[in-house]
Amino acid sequence: LSGLVANKLVAAYNHPVLILSEVDTDEGIKWEGSGRGTNSIDFNDFKGFLDNSGLVNWAEGHSNAFGASVSDENFDNFESKRKIIKGKKYTVYTFY
């Protein structure tokens, strides 16, 4: 379901989207879900961007359609993570 919602948001706003849900595991709280990127020349590998951020446990799939997991310790860091690509600022927003 998170992948379908992410697809709709990317289509509507033409920005990369990461939809995560809180999951209680034996290892503690994690945030897992789906990411969708755009085929923009400015930002064409959303999965690679997350992999390089050091904030994800894993991101698996295609460069712009993938599953991802974030530890609870790193979740709040997403709100302050910013990346400027060719003059455009990409910010991760959290919706509760």
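Predicted model: local features only at pLDDT ≥ 70, side-chain atom pairs only at ≥ 80, totals over all residues.

Residues are numbered from 1 along each chain as its sequence is written, and side-chain values use heavy atoms, leaving out hydrogens and water.

**Exercise 1.** Find the order of the strands in the sheet.

*Solution.* Start with the terms: strands (E, at least two residues) and helices (H or I, at least four) are DSSP runs, numbered from the N terminus. Two strands pair if DSSP finds at least two bridges between them. Next, follow the pairing: the four strands form an open sheet in the order β1-β2-β4-β3, with antiparallel pairing. The edge strands, each pairing on one side only, are β1 (17-25) and β3 (58-62).

**Exercise 2.** Describe how β2 joins β4.

*Solution.* First, locate the strands: β2 covers residues 28-36 and β4 covers residues 65-71. Then count the links: seven bridges join this antiparallel pair. Finally, pick one example: Gly33 has Ala68 in β4 as its bridge partner.

**Exercise 3.** Is Leu4 buried or exposed?

*Solution.* Begin with its place: Leu4 lies in helix α1. Now recall the cut-offs: buried means under 20% relative accessible area, exposed over 50%, and partly exposed in between (1.4 Å probe, protein chains only). Leu4 is exposed, because its relative accessible area is 58%. Well done!
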